[in-house]
Every structure is written in C-alpha cells, then in structure tokens.
Amino acid sequence: MNILGIAALYHDAACCILKDGHLVAAAQEERFTRIKHDPDMPYHAMQYCLREAGLTIADIDMLAYYEIPRLKLSRQLYSGLPEVSNEILRHLSPDAVERQIAEKLGYDGPVQFVPHHLSHAASSFFYSGFKESAIFTVDGVGEWATTTYGTGIGKDIDLFEEVHYPHSIGLLYSTITSYLGFSVNDGEYKVMGLAPYGNPRYMDCFRELLMPGDGGQYQLNLPYFDFMNSRKMYAPGLCDLFQHAARLPESALEQFHKDVAKSLQVFLEEVLLEKVKYLHRKTGMENLCMAGGVALNCVANGRIQREGPFRELFVQPAANDAGCALGAAAVAYVTATGRRPPEQRLANACLGPAFSDEEIRNSLRGLFMKARNFSNNPQQLTEKVATLLASGKVVGWFQGRMEFGPRALGARSILADPRDPDMRNRINAMVKKREGFRPFAPVVLEEKMQAHFDLNLPSPFMLQTCQVRSAIDLPAITHVDGSARVQTVNEQTNPALTSLLKAFDRITGCPILLNTSFNVRGEPIVCTPVDAILCFIQTDIDCLVLGNYLFLREDNNLDAVAHIYGMYGHQHKEAISSQLYTFI
Amino acid sequence: MSVSEATRKTAADQLAEFIASGEGNVTDVLEKMKAFKTDNGNIPQQLRNDNAGKYIGIWKEDEQGTSYIRDRQLMPEWVKWAGLNKIPVSTNKERLLLTGESVGRGSFYGNEYSPAIILQHILNSVAGHQGSEITDLAKSGMTPGEMLSLLENAQALKPSQVVIMAGNNFFYGLYDDFIHGSLPEPLAAGELSGRRLKAWIDEALDHQVHVLLQELHRMFVTAGIPVTFVIPAFNLAGWKVTQQESCTPALSGEDLLRWEQLLETARDAQAQGDHESLKKAAEALLALDASHPASYECLGEAALLQHQWTAARQYLETARDHTLLFRSVGKPRILSSVRNAILKYAPQYHIDTIDLNTLLAANAKNGIPGHDFFMDYCHMNMKGIRLCMVAVAVTILHQRGLQHISLDMLHSYAAEIAPPRDVNCMAHIYAAIHHAHNGQGNDNIMFHLKQAFSFSRELATVFCKSYITMVTYRLSSPLTREFMKILENTATCIEYYPEAAFHPRSGKLLDLALTDAMSNMLVEAGAIEPAATAALRLSEHAVELHRVVDLLEPAYSRSSYDNYPFPSNYYTARDIRSSFIFFTDARQSLHGEMICRCKHANNGALQLSVNGRSLLTQPLSKRWIPLSFTIDQSLLTTGMNRIDIIWEQQSIDSTDQIAENISDVITLLNPIRAEIHRFTISI
C-alpha cells in the first residue's frame, strides 16, 4: 500500500509518501522550486518522495489530500461574497483540486480528501507514539474550522468540537503581525521574537479583540478585522483601539510595537492555556498532541508544557500546513487498512533528500571554488570545523537528509559560537540579512541539556522555549528575557552534529552551538549542494561544510560572482501575499 | 440588499453546492451572487497606487523632486533599460522621449550602441550641441500596458517630442485576459481551426493597438507634443520557423501520416534546391492545415529558389504571421495585424508613423531584409539602426520645421558612431547564442560566429573556448571556473547579454548545435583538437559516471528554449516524434526505464530506436505503464547516443470535446500525443 500525502494550493505545499504505513520521505515544494512558501501542486517534492521510496507514479495506490475542496469552496465564497470575479470563480471550482492533481502531478488514481484539521490532528497523533491522547489543533483557517478539540485512541481520531471561521486566534495573530508591519504567514515568528522586548500593556485591547465563549469557543470582535474583504487584515478600528497607526514595513520599531507584540504573545498563551485546560477536563487524558500553525509558537508551547494540565506534549515538527500531508496520508492508510500506521514517535524530522560525497562531487564538477576534501578522514573535518567555530567563524552546515518543516535541525543549518557577544548582530546583519532583534536558537547535546537549560525532556524539534540556566555566558542564543528555543541532539538522531558538538565541547567546554536555518531572508532553506553554494556566495558565512568537503571563504574570492548574482541571478520570490492571509 | 452573516454563510454554502453540481456556468454563479450583496460591499474599486508618479521605469523621484535616480532596489531590472543613472526633471535642451521595446534598446550592443545614441548624435550634429536631449526610456520586454504606465509618469519630464519603437511584443499581452476569454458560443473540437484562432488573435491585437494610440493621443498629441510611432520590421530572410513551431498539427489518422511524409519531402527538396517538388509538397501541406507556418515557409523558400521575390516575401510574411498561434513560446515579431492596425489608427490620432517594413524592403537585396539589417528576428544591427534613426531624424526635424536637411548628410552623421571591434565581436557571439537558444539552425549560428571571428579572432577564440566548457558542465553555468574567466575578461561584456550564462533554474541546455559550431570555428582556427568537445561531453555526462541519468532533464530532452508556452511538470509530447540524448563509454549494456502513457489518443503505440536502430515497439495505455528495456552494448556508440521515439496513434480523443474559451481552443489545437513521467538510463 503506497500512499502519497499532499498539502497544496494555499501555502507551504508539501508531499510525503507512506509505504505500507511507514513514512519514507517528506518535503516541501519550496525547497525545490526556491519559491518561498510555494503553494503549487508539489510535483518536485512528489518526484523526490517517489525516488526515495524506489517507486513511480504507476505504483501509487492512493493519494490523500489535506482538505475537502467542496467545504473550502463554501468558506471561500463566504469570504469573497459578493466581490468574487469571473476569473477567481473559474479557479474556485471544487473540481480544480482533482484537475490539478491530474494535470500537475500526473496522478490519475483514487484520491481521498481528508478534512484540514483532521489532517493536522493526524499529523500529530499518529506520529506521537501515544496510544491515546487529547488533540488540539489551531491555525488560521482550514475549510471552516480554525480550532479543534479532540481525542486520538489507537487508530481513531474524534474531533468533537470546532471553532469556525472567521473566529480564529491564528488570524488574530496574523492580523497583529500585519499591523506591526511584518508579512502575514511569515512574520509571525518575528512578532514572537519581538515580544520579550516589550511589556504586556495592551492586554485590555486584546480582550476587546477576542472574547471567550463557552467550552472551547471564542469569538473575534469582527469590526476590528478586515480580512474578509480581501484587502488587508485589520480595519481602521484596530488602529483606533491601539491609538496608533499601523507600522509601515521596514520602518523603525518603537517600544509601542514591542509592547503590542508582548501583549499579543501573553494573550495567546493565556487563551491557549485556558483552552488546553478545557480539553483536559473534557478528555481526562494525560497526553496532548498539538498541530496547526499556532502550534509553532514555541513560547506558548513551553508554557503549555510547564503550566498546562497534560503530562506530556507532542508537537509535530511540521505543525504548519506542510505537515498536513503526513496527517492526510495517515488517515488514508487507516481508511484503507483499518490499522493505525506502524510509526512509533517521530524521532527525526530529516525526511528530505541527502547527497553522498560522490553526488556532491559530481554535481559540483567545474565549480570555481576551492574545497578541502576530508572524505578519507571525517573525524578530522569535525575537529577542524569545531576549531573554526571556536575561533569565531560562522559555518554553513549541510549534512544528510534535509529537514521537513520550517525549522533547521542540524541538516541544513548555520552554526556559530553562542558565547560570542557580537555573534547575533553579525549573523542577523551579514549572514541572514534580517532584523537585528531576532533571536537565535541553541542546539545542545542531549546528555548535557539540563546543565544549561531548564528542560526536563529532550526537545528534538526546537518547538518549545525554556530558561537558560547555564554557567556559561551564552549571549548569542539567550533572548532578552533569559529564554532560549532549544534543540537537543543525540547520537541516534544526528550523529554528525553530535560529533561536532562534542568536539566543540572538548575545545571550549561548551556543548552548545548557535543554530539557525541555512538560508537568507526571503529564501527557503537550502536543499541541494548548489543551493548551499549560492547561499554561501551571497552571504558572509565564513565556511561551508558539504558532506565531507570544506569550503573556506578565505580560500575563495567570491566578491565578483556575488555581485553579478545580485544583478542577474535569481530573484527572491514570494509565492503568497505578504499583506493578507489569502482566503480566496 | 443587506444580509446577516448567517444568511451570508448559508448563501455561500448553497453557491458552493451549486458550483459543485456543475449545473451552472460562471455567469449563472455571478448572477446568483448579486443577491447576497452586503453592506461591506461598498469598497473602492482599486487601492490607490501610492507610488504613482514617483517612478519612471527604474528611476525614482528624489526628495527634492528635481531628478529621477536609478533605484538600487530595482538593480536586477537595470539590464533591461538604458544605463542612465539620473534623469533631471528640467533640461535646457529640447527633450525627446524615446521609448519602446528591446528593438529600441539596441540589443547585444549593451549601452555602447543604441538607437537613442545614434539619434542624439544625428540631431545634435544638425543643430549643434544645444540641440536635443534624448531621454532613453526603452526597455527590453516592454508591454503596451507597461509603456502607457511609464509614459503617464514620464509626462513629468515635459518632453517636446515622443518617439515610440514598439509592436513586436504586443502579442504577448494576449497571455493574460485573452486566453481566458470566453468564446461567443461554445464550439465543438471539429469546428476549431488555427485560421479561426488567428482571426480572434488579430481582432484582439487590433483592439490593443487602438487603445494604445488613443492613449498616446490623450497624453501627448492633445498637449501639442508630436508622437512618432516607429513600426518595427522582421528578419524575413534570416529567421526560420523553429522545430516547436513546426509541431505536428491536430490531424488524425491518414492525414497525420501524410503530413509527416510531405514535410520530410519538402525539407529534402529544399536541401536539394528542387523548387518544383518543394512547392508541390508545400501546397499539399497547406491543404491539410492552412494555419501552419512551415507550409508558408516552404512556399517562400520555393519562391526564393525561383527568384520570385514578391511572392517569396508574401509567403515569408504569412509564415511569420502564423507562428504566434500559441504553438510555441516564440520570439517577438511584428505581425501584419499589428502593423496594419498602427497604420490604420495613427492618422486618426495625428500620430506620425515610420514603417520599417517598407523602409528596409526598399533598401534590402530583392526587397527581403535579412542578416544585412538584423542581429536576430527583430533587433537591428548597426546598419539597420543607422537607417532607421536617419528616418526618425527626418521626421523629428520635420516636426521642428526643419524640412530641407540633406539625407546624405544625416547618413554621414549616423555613420560617425560605431562600437569598438570587441563590442561588435561579442554582439555577434551573443546573437549566435540567442539564435541557438531559440531554435535556429546551424546556418544562422555560423553566420554570427563568422562575423564575430572577423571582428576579433582573439576574443572570439577565448570566449568560445570558455563557453563550450562552461555549458558542457552539468553545474549551473555561473558557478563554473570558465564563467569566472569570462567575467574577469572585461572585453566579453557579459552584462550585455547575461542570458548567455544565466539560464533558467534546472533548465540548463547542452547547446549542442551551438557548441558544435563553436568547436568547428575553433578547430579551424587551430585553437582546439577536433575531438576535444566530444571528449569533454563524455567526461561530464557519461551514464557510467552518474550511474543513473534522468533523460527528462532539459540537457538531454531539449535543444532550445522554444517550447510549448504552457509547460507541464512532466514531459508532454505534442509532436509525434520525441528525441533524447545520453552519453556513454559504450563498454557495457545499459538499462532504460520509462513511465509513460497515451491518455488522449486511441490505439497508441511507441516505436523506440537507439542511434537509428529499432529497439522496441510497445502498445501504449491511457494509464501510466512502466517500460523497462536493455540497450545492448552493440547498439551504443562511445560519446553521444540518441533515442528517438515515434508516438503512433490512430486518432486523437477529442472529437466530443467542447471549447468554451480560447485556452480550450489552444489545448485542442495542440493535442498531447504522449506523456512521460520518468525516463532514466542507468548502468
């Protein structure tokens, strides 16, 4: 039984493949097309998944799609009434999804459509390893649902309560993201990162914007929002409420913006904690599975883990829409076989393509850059890279299979010394080319996590924050409020990075590295060796490690080619609107 | 009527149900939606464009409002425009705005040599240095809509005259609204034809031209600013119909076989100079499909062989007019419908015209312009630019009341400026690359390479050696060592034609025809060994090196960027023939795997041959089927090998299909013969 799971046509299209229920591969389309958040039918991701599984399109028994087009159409029309144009209507047909599956993927077999939030729920529960668990999904919007409450027992998932569009805490977060001058669907992380610089002075405003309801319900105070008119997220009333005009993108960040961000974050955490408590009361279960874009808010996750009523929390690393591909495929497997997928807890998010040294060598034949080859002595490479990191160098780290989901977890990462007080500013400005306030995350050896962070359980997917309690001063990864978004690694899940951390620990006494995604602002995380080379050329990264090859900036003159790439090379492409959560 | 949110939800649900039922069409749904208008519906039609007037193309108004400065944020766009850093709002000279498409930019010469430079020189030579200031606002790829928006803002520059050089790109404006436009009534597949499609296209282009000229009149003519419209010309003698443009037409059964035989007969007759057979075959082709450019081109070639220049010109113009029917991406060109519309409407709006079609014909050998005036399909060489700009200068001077300037004098002024030899050399090399990338054959490629070598043998040798190696690597060209050599050699002026190195992502071609031609030139010059290029290809692409080679990669499945304009993710064959190449050391047998189907045709089958020797014949299915085959070592050649597939089919499965819009028409006129989802060769 070979099942393709597909999420597409909204944002962050992705594909995964289940072979007899086992998750063999998963990837987001953006990594292959280099179009950030690419929503198109994930043909390239699908081709990769098929190759990885040793299958062809002719071998696929079922394709599982992550939402119900007919229900979504109803909500889309509701959002667009009465201004939907002739042109938009042509694309709104519920047949459009099946047509695109047939035309763009070339798949002409049976398709199972799985409700959006059921896909989210399944993407967490079936890969959590829990036999039973409460399930909480929260995102912008699916078909109609924006928040769901449910349970998973064995192979069965029951979503017993839903909050419906337009009432959505995800859309509240996106609206404030837009009001603060950041891009919707992309800038929510920035708001989360900005929050610790502020004070929660505007909690009353948020209580005006979102009103609690019975049980799991809540309501947005709609006159403050404009997203249904497809022009912008907020209505003028929102500016009146905060007594402040919206921030223009790229303009200066004032204390007001930081305070709004902080208030939003605290308000979100309070609402989620309240709803989680409600879910616990309803289910009486010990475990909680979360999914949906809001479940990527690691600060809120940390509070739910620490202060919530559940004993254990599992958040699937691709908790956003991309992860729905996993859930839809798992639901289709259950439908077809009557059995739960045989997956234990997802131990590793590295489900994408890998490149052997031979493949790297062959794909880079003729490259103008000089590299040092450590194929015969990988340990020497590890020691060398650890030494470079200890001497303050920034390293592009490209090893093994690419991560699935928005986080770089040590396969396509930029690494640096977390002890360096200038490192955060340097990487933000010269490497990532992004806002200076944004924090970086640490990666730590699992066996030493408790000595440095307030963590009781491993955090392999960087999906919760905790306080730093290290004896070592770690300014580059410690946020202004003393927190950090920690990833833990061990020998089983990431041997190469574990070796590097050990080597760095031997040299410096610090088993921690700064870890951020290997990309520049506006681009997806790198996928192939060529992507990594291009990113290296266009940034201020000092060293690049591709498998067992080491490239040093000092060995290569990159200025001329960086300039000409800036002029004539690829341009950053955003596949979705940055001003509006795209409903139609 | 105002409704509650609950009613709105119910309405949306009912509408969704209605749409899902498939019982209504778009118009029905829109009609139903009117009933659900809410209070929120009162929203301005368009958000105000805050940037209106702040930009003129890539130039942004400075804070003082005295100049427009090239915006660094738009740096990737700079290459499409003139190299001006600053445009002052005021000038003490008479300002002439020159805008238009790439034909107004002077492609391949960079900023060394352009129509604006020549025109300025001529006008200043006539009137002294205080005479004129030409503000060059031409842009490669400019569409009519873009031009109007640009000119709307450029009124701030207070021009005294405006010159437009445009018309080649107008067809590309049809890719948006036109192809989604509904037909007056649905038509069955049998009622469709290329001729009918062409009539709709011509009508749409006529309308586009009318709107453009109307707007030019409103913006400038009514303000007393004379407008001159330069109608471009086409390289009738030189630019050939491409393989994609010659794609098998939508014929079935015996007609399809007959078409293939006739085209082959025509090509053979043309090669042998047999005008009688060529004409006979071409007329028979025309009888099968009156909209196919290849038929008209064959008739034109036959007329050329017979020295029937007027007839040849007419056929070649008709071939040109039938290329852009959405069969291929094609390249810009002036279509008769656009030219005729400009000539028809310009007098109504008091706009002067210069028709290069007529001008070049009067100055070309036998009245058919070719490489003597053009660098490619529409971009002119030095001779063409001079001739054109003298004609423009005459019109401009007439508009200024200077009517007795000697034409010879103007020509001599125009000839005073010429680019350096290195720039000429590189312009022709880049033209050769452009020809190859757009499906032109060896004759055209060699013409430009020979020109390049004649301008600078040394520079052409250095560049071609690097280029062959650069494009032969699988690696993205700008990351290669050879590109660094090209970049470091400033004489190559790579910025004049960056497309030579910056290929589409995952779209790198092997450029076989081009690099073969370059190799021949280099071998002749004694710069490389005859077998060097073949050896390089083998060392880089051998199946034995990569273990598995994906034949659907563009390097192995395409020879140019002239493809069907609505590409599929996987391989779709619209021609009944497909070709692939691979490289091997031929020391062992190889394994092939293909996943293919023939969804739209009945009784399909494929015939697959390797290096001209038949390997297998296989019935095809409407569902994907895997094919696995072994290529015996005896069939292989060391170096490049070729797989040819003929997609046999009895009939196309479209007789009961209905076209509701132009997009449907295009699909039905360009049927898919077969599809391949995966095709690999491995050791």
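Two strands count as paired here if DSSP finds at least two bridges between them; helices (H or I, at least four residues) and strands (E, at least two) are themselves DSSP runs, numbered from the N terminus. In chain B, B:Ile231 stands opposite B:Asp355 in S10(B). Strand S9 of chain B (residues 227–231) runs parallel to S10(B), and four bridges join the two. This pair belongs to an open sheet of five strands in chain B, ordered S6-S5-S7-S9-S10, with parallel pairing. Strands S6 (132–138) and S10 (352–355) of chain B sit at the edges with a single partner strand each, so one side of each has no neighbour in the sheet. From one strand to the next, the twist averages 20 degrees (axes are lines fitted to C-alpha atoms, for helices over the stretch in contact, and angles run from 0 to 180 degrees between N-to-C directions).

The model is predicted: local features need pLDDT of at least 70 and side-chain atom pairs count only at pLDDT 80 or more, while totals for chains, interfaces and linings use all residues. Residues are numbered from 1 along each chain as its sequence is written, with chains lettered from A and ligands numbered from 1 in the order in which they are written.

On to chain A and its helix H16 (residues 423–431), where the buried residues (20 or more other C-beta atoms within 10 Å; exposed means 12 or fewer, partly exposed in between, with C-beta atoms placed from the backbone) are A:Met423, A:Arg424, A:Ile427 and A:Val431. Seen down the axis of H16(A), they fall within an arc of 105 degrees (taken over directions from the helix axis to the C-beta atoms), so they line one face of the helix. The face turned away from that buried side carries the exposed A:Asn425 and A:Met430. Strands S15 (412–416) and S20 (512–517) of chain A are among what covers the buried residues of H16(A). After the helix comes A:Lys433, with a positive phi near 55 degrees.

Elsewhere in chain A, A:Thr493 is found in the loop between strand S19 (487–489) and helix H18 (495–508). A:Thr493 counts as partly exposed because it has 18 C-beta neighbours inside 10 Å. Leaving out residues up to four places away in sequence, A:Thr493 touches A:Ala347, A:Asn348 and A:Pro460 (contact means C-beta atoms, placed from the backbone, within 7 Å). A:Ala347 and A:Thr493 are 146 residues apart in sequence, yet 6.8 Å apart in space, C-alpha to C-alpha.

Terms used: Contact = placed C-beta atoms within 7 Å.
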